[in-house]
Amino acid sequence: MSEQTQEPGGAAPRRVVVAGAGMAGVQTAAALRERGFAGEVTLIGAEPHQPYDRPPLSKAVLLGTAESSAFDVDFEELGIELRLGCEVTGLRPGDHELDTEAGPVPYDVLVIATGAEPLRLPGAEGVPGVHLLRTLDDAERLRPVLAGRHDIVVVGAGWIGAEFATAAREAGCAVTVVEAEERLLAGVLPAEVAAPMAAWYAEAGVTLRTHARVARVEPGAVLLDDGTRLPAGAVVVGIGARPATAWLAGSGIALGTHGEVVADAHLATSLPDVYAVGDCASFPSARYGERLLVHHWDNALQGPRTVAANIVGGPEEREAYDPVPYFWSEQFGRFVQYAGHHADADRTVWRGDPAGPAWSVCWLRGGRLVALLAVGRPRDLAQGRRLIESGAALDPERVADPARPLKSATV
């Protein structure tokens, strides 16, 4: 990976351009000012709206209890130039220029923060009543659907599918969730951990159909490959997302197997003077010994601090990015939190009864906590996250006692 060649404090003021005005982009621009960067900062966003936070889209904004989720950032006071409704279209690193719909934008340092875009259901594009839920405009289009209490089919039983189904039921809609895999959250959580969550759907009055592949979508209905026809006043697709990096084609930047920008431990890319942060970038984790691609809010919050520090600091002050990944989901009256990365765990320890309202699962490797999922036990999550960071050795028997604070399991 290239070292950033620009030195702070040069005679000419430097210009940092941030491509993407979501959480990662906004936080990068703000963090540069917090770090004392005095040069120009330009923030470019494809959407025309004031930059906003995404988690409320599947909750308060969708249900109409909040009109927007705009960031509480005074861009003018911070001296950050906003260019909204301006999509980036290409990158010419040899010229140090970013191409946009409004023309080229020169940069001294570029930060790629274009996030991820939702996967579309093949054959469903252009069919009336088919929706995604990624942007503010998506949420605003769905609000009258919920208000009209339509029969809704959700395609995909992942986190976003569960959150939307929760909101739709709260609005009084009849909801069916169809999942192509044999179980929900396949590829995300082990089967035994995801299994208790299936009961949450039924408790909320949501019909969950697994191993159910969509054959086609037509106005007013979803047809499954087994011949089942599901009435659908609306169809909401939540089958995943991919890094929004197609615009980088031909730039020479290194991309990974999922199309993400391959960043180094400092979040620098393979191109000089170009960083990448948030959902569009992967990074090597020394903690977990593998490259991670994290599509969650906390990563878009934490990474910009490292990027800003490395832009402002000198070569000898560069910071490495190696967080404990974290995310949360509010669904079916439950608060679900996850910290860490459980792929290489050698032991799973349960805390509490998964049939009850509050329980946790701890993943250990070599007697040390590497990941934790907590349902209705935020104290477990907070303590567990610190234990992962410290690498403390734990007594599995004490870990398994839900009456004990998790931090008391250290040995």
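Figure 1. The model is predicted: local features need pLDDT of at least 70 and side-chain atom pairs count only at pLDDT 80 or more, while totals for chains, interfaces and linings use all residues. Residues are numbered from 1 along each chain as its sequence is written, and side-chain values use heavy atoms, with hydrogens and water left out. Ten of the twelve residues of α1 are buried (under 20% relative accessible area; exposed is over 50% and partly exposed lies in between, with a 1.4 Å probe and protein chains only). Among them are M23, G25, V26 and R33. The buried residues pack against β1, β2, α3, β3, β7 and α7 (contact is heavy atoms within 4.5 Å). G36, with a positive phi near 90°, follows α1.

**Figure 2. Packing of α1 on α7.** Helices α1 (residues 23–34) and α7 (residues 297–312) pack at about 35°, with axes 8 Å apart (axes are lines fitted to C-alpha atoms over the stretch in contact, and angles run from 0 to 180 degrees between N-to-C directions). The crossing is right-handed (the near helix is turned clockwise from the far one by less than a right angle). Residues of α1 including M23, Q27 and L32 meet residues of α7 including W297, R305 and V312. By class, this contact has twelve nonpolar, two polar and one charged residues (Ala, Val, Leu, Ile, Met, Phe, Trp, Tyr, Cys and Pro are nonpolar, Asp, Glu, Lys and Arg charged, the others, Gly among them, polar).

**Figure 3. Nonpolar cores.** The largest core has 94 residues, and I152, F164, L189, W363 and L373 have the most contacts inside it (a core is a set of buried Ala, Val, Leu, Ile, Met, Phe, Trp, Tyr and Cys residues joined through side-chain atoms within 4.5 Å). Strand β26 (residues 368–375) gives the largest share, seven residues. Another core, of 20 residues, lies apart and includes C86 and Y107.

**Figure 4. Helix α8.** The 13 residues of α8 (residues 378–390) reach 19 Å from first to last C-alpha, close to the expected 18 Å. D380, L381, Q383, G384, L387 and I388 are buried, and the buried residues pack against β22, β23, β24, β25 and β26.

Technical notes: Helix = DSSP H or I, 4+ residues; strand = E, 2+ residues; numbered from the N terminus. Expected span 1.5 Å × (residues − 1).
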